[in-house]
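Dear colleague,

I am handing over the structure we spoke about, with the sequence alongside. Please look through it first, and then read my notes below.

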Amino acid sequence: MKSCLIWINLLFVSLFAFAQQDTLATGHRLLLFDEAGCARYHISIQTKQAELTGICILKNMQEETLGSVFNEFGIKAFDIVYTKRDSVVQLSNTMAALDKWYIKNIIKADLQYLFLSDERENMKQDEDRVIQMLEGNSFEQRNLKFGITYTYTPITKKQEEEDNETSE
Amino acid sequence: MKTFAIIALLAILSMNASAQAPVQASAAQQKAMIEKIMNTETSIKSIQCSFVQTKNLTMLNDKMVSKGIMIYLKPNMLRWEYISPYKYLFIINGAKVLIKSGDKKSSIDVKSSKMFQEITRIMMNSVTGKNLLSSSDFNVRMFTQKNYWIADLTPKKKQMRSMFSSIKIYFDSSNSTVSQIDMFEKSGDKTEIRLKNPQINNRINEKLFDLD
């Protein structure tokens with residue numbers, strides 16, 4: 001019985017080590033960048049008043065991460081530039097409905113928390129923001145102060161290719 | 001000999017360029033083309049097709065391809081469904097809209113939002129080409145290119161201008177039906193929607209537009 005428990009324990013330790021190695025190899029704790037440095041997510045933004053959905057595409061580069069958020073029809077919500085050296089997020093081409101300084105400030109701060117949490121192992125606790133992993137590499141980021149929940153569900157390249165093959 | 005080869009090459013290149021470039025229609029041609037498109041529009045009762053949407057992202061130098069099915073039923077029903085790589089359903093049934101994303105459903109009364117009202121109206125009119133008649137919404141210029149008639153629409157209204165710098169609708173010149181819609185944004189991004197194998201006036205089950 002004791003030996004069985006040791007084996008189970010060893011199995012868990014090795015699985016955990018494997019998962020850690022995977023994170024360290026890519027250098028990202030949350031975002032799933034592919035070999036081309038691209039991450040694609042279906043995103044849902046739930047506020048107290050409404051829920052918006054769309055696509056978020058991120059491109060990881062040496063000194064910055066670029067991104068674009070647009071709805072399913074292709075209409076752009078905003079573009080993102082995250083400068084890694086000073087951890088600053090800038091938004092551009094923001095759609096009229098979101099183009100208000102107070103809305104942009106919330107989005108920028110939430111995105112900055114996401115990028116920092118993705119790159120840092122010992123991320124400092126933020127009393128207003130929480131990130132929780134969900135099934136299938138999805139994750140949820142909550143802004144407790146403003147009651148906003150962002151849910152990121154990965155769209156993998158493999159899934160896109162499979163879908164393309166089936167519909168061709 | 002060398003000079004001759006260069007001249008021949010330049011001549012071939014310029015001929016090729018002129019064959020590819022869209023040519024603007026004269027005022028009389030434009031009137032005739034719009035008339036023909038509107039006649040076709042009048043005869044259309046339903047359209048059913050698959051579509052491929054390609055969003056070109058200038059800043060990321062990347063694109064996102066999504067696929068789906070579109071069904072239109074006169075006078076005011078549209079089912080626009082993405083099936084890959086994400087599931088998203090958008091149904092317009094009169095003044096009501098249903099949006100289903102994943103397992104979540106929400107219905108909207110179009111009358112509650114002027115912007116939504118505009119978007120749904122322009123979506124429906126783009127599918128049939130009726131947008132060409134809405135002179136309050138767009139400045140229209142017609143072009144011809146190979147087997148296509150291209151309507152270049154520049155939005156007049158501020159709300160629409162904030163989303164698109166222009167919209168191009170491609171009509172198959174053999175049957176004057178819409179085959180492609182290109183939407184250009186101020187940021188330089190372009191969304192291209194290609195309608196594939198459109199089935200005109202097939203019998204459509206109205207249940208497909210149910211909002212429950």
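This is a predicted model: local features need pLDDT of at least 70, side-chain atom pairs count only at pLDDT 80 or more; totals for chains, interfaces and linings use all residues.

Chain B contains four helices and 12 strands, and its C-alpha trace spans about 75 × 40 × 35 Å along the principal axes. Of the 212 residues in this chain, 25% are buried. Taking the contacts in chain B between residues at least 6 apart in sequence, 44% join residues that are at least 24 apart.

The 12 strands of chain B form an open sheet with antiparallel pairing, and the order across it is S1-S8-S9-S10-S11-S12-S2-S3-S4-S5-S6-S7. At the edges of this sheet are strand S1 (23-24) and strand S7 (104-109) of chain B, each of which pairs on one side only.

Two of the strand pairings in chain B can be followed residue by residue. Strand S10 (residues 166-172) and strand S11 (residues 177-184) of chain B run antiparallel and are joined by seven bridges; within this pair, B:Ile167 stands opposite B:Met183, while B:Phe171 stands opposite B:Val178. S10(B) and S11(B) form a hairpin with four residues between them, and in its turn B:Ser176 has a positive phi of about 50°.

S11(B) also pairs with strand S12 (residues 190-200) of chain B, again in the antiparallel sense, over five bridges, and here B:Gln180 stands opposite B:Arg194. The hairpin of S11(B) and S12(B) has five residues between the strands, and in that hairpin B:Gly188 takes a positive phi near 100°.

One loop residue of chain B may also interest you. B:Lys157 lies in the loop between S9 and helix H4 (158-161) of chain B, and it counts as exposed because it has 12 C-beta neighbours inside 10 Å, the cut-off for an exposed residue being 12 or fewer. Between B:Lys157 and B:Gln117 the separation is 40 residues in sequence and 14 Å in space, taken from C-alpha to C-alpha.

Turning to the contact between the two chains, 22 residues come from chain B and 23 residues from chain A. On the side of chain B that touches chain A, strand S2 (46-57), strand S3 (62-73) and strand S4 (77-84) of chain B each supply at least two residues. Sorted by class, that side of chain B has 10 nonpolar, seven polar and five charged residues.

In chain A, the element to look at is helix H2 (residues 101-119), which has 19 residues and reaches 27 Å from its first C-alpha to its last, close to the 27 Å expected at 1.5 Å a residue. The buried residues in H2(A) are A:Ile107, A:Leu111, A:Tyr113, A:Leu114, A:Phe115, A:Ser117 and A:Asp118. What covers them includes strand S3 (64-70), strand S4 (76-83), strand S5 (88-92), strand S6 (129-133) and strand S7 (139-143) of chain A.

How values were computed. Residues are numbered from 1 along each chain as its sequence is written. Chains are lettered from A and ligands numbered from 1 in the order in which they are written. Two strands pair if DSSP finds at least two bridges between them. The expected span of a helix is 1.5 Å times one less than its number of residues. A residue is buried if 20 or more other C-beta atoms lie within 10 Å of its own, exposed if 12 or fewer, and partly exposed in between; C-beta atoms are placed from the backbone. Two residues are in contact if their C-beta atoms, placed from the backbone, lie within 7 Å. Ala, Val, Leu, Ile, Met, Phe, Trp, Tyr, Cys and Pro count as nonpolar, Asp, Glu, Lys and Arg as charged, and the others, Gly among them, as polar.
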